[in-house]
Amino acid sequence: MKLFDLTGRVAIVTGGNGGIGLGMARGLAQAGAAVVVAARNATKSEAAVKELEALGAKAAALDVDVRREASCRALVQGTLDRFGRLDILVNNAALYGSLKGGRFDKIAEEQWDAAMAVNVKGIWNCCKAAVPA
């Protein structure tokens, strides 16, 4: 018996083409979900899709810039166009590199703003776009 059965469900994983996001995408795929890998690096996203398809999952790669509300709306619409539904949103996209290893008082305002645009506003943008679906 599977712990989770997500057969027939559709998931979006932002930042799903590597690291923790790809791990989440694999887990969702193994549980039976169709997975949309949503990220900005098309080459990595296509490789992730091939890996998920090798697991037997339906998968697609869609470009998204989570900092932009219109991009998140297009991601959700692309998911609906491709799979007809949206059940799960994994807000995994994050910008860590610009803050990594720096003391709080040494981080430039531009670095902070970039991280907040992805790590906070990006979650809001994706949720705002996904909830109606």
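**Close-up views of helix packing and pockets**

**View A. Packing of α1 against α2.** In this predicted model, the axes of α1 and helix α2 (residues 42-54) cross at roughly 25 degrees and come within 10 Å of each other. Because angles under 35 degrees count as roughly parallel, α1 and α2 are described as roughly parallel to each other. The crossing in which α1 passes α2 is right-handed. On the α1 side the contact is made by Leu22, Ala25, Arg26 and Ala29, and these meet Ala48, Glu51 and Leu52 of α2. By residue class, the contact of α1 with α2 consists of five nonpolar and two charged residues, with no polar residue taking part.

**View B. Packing of α3 against α4.** Helix α3 (residues 69-83) packs with helix α4 (residues 109-130) at an angle of about 45 degrees, and the axes of the two helices lie 8 Å apart. That angle makes α3 oblique to α4. The crossing of α3 and α4 is right-handed, and the residues that form the contact are Glu69, Cys72, Arg73 and Val76 from α3, together with Asn125, Cys126, Lys128, Ala129 and Ala130 from α4. Sorted by class, the residues of this contact of α3 with α4 comprise five nonpolar, one polar and three charged.

**View C. The largest pocket and its lining.** The largest pocket holds about 400 Å³ of space. Its lining is made up of 22 residues, and those that lie nearest the centre of the pocket are Gly15, Asn92, Ala93, Ala94 and Val118. When the lining of the largest pocket is divided by residue class, ten residues are nonpolar, eight are polar and four are charged.

**View D. The second largest pocket and its lining.** For the second largest pocket the computed volume is about 150 Å³. The lining of the second largest pocket is formed by 14 residues, among which Gly8, Gly32, Ala33, Ala34 and Lys58 lie nearest the centre. In terms of residue class, the lining of the second largest pocket contains six nonpolar, four polar and four charged residues.

Key
Residues are numbered from 1 along each chain as its sequence is written. This is a predicted model: local features need pLDDT of at least 70, side-chain atom pairs count only at pLDDT 80 or more; totals for chains, interfaces and linings use all residues. Side-chain values use heavy atoms; hydrogens and water are left out. Axes are lines fitted to C-alpha atoms, for helices over the stretch in contact, and angles run from 0 to 180 degrees between N-to-C directions. Helices (H or I, at least four residues) and strands (E, at least two) are DSSP runs, numbered from the N terminus. Angles under 35 degrees count as roughly parallel, over 145 as roughly antiparallel, 65 to 115 as roughly perpendicular and the rest as oblique. A crossing is left-handed if the near helix is turned anticlockwise from the far one by less than a right angle, and right-handed if clockwise. Contact means heavy atoms within 4.5 Å. Ala, Val, Leu, Ile, Met, Phe, Trp, Tyr, Cys and Pro count as nonpolar, Asp, Glu, Lys and Arg as charged, and the others, Gly among them, as polar. On a 1 Å grid over the protein atoms alone, a cavity is a set of points where a 1.4 Å probe fits but cannot get out, and a pocket is an open set with protein on both sides within 12 Å along at least five of seven lines; lining residues have an atom within 4 Å of a point. Grid points are joined across faces, edges and corners, and a volume is the space filled by probe spheres set on the points.
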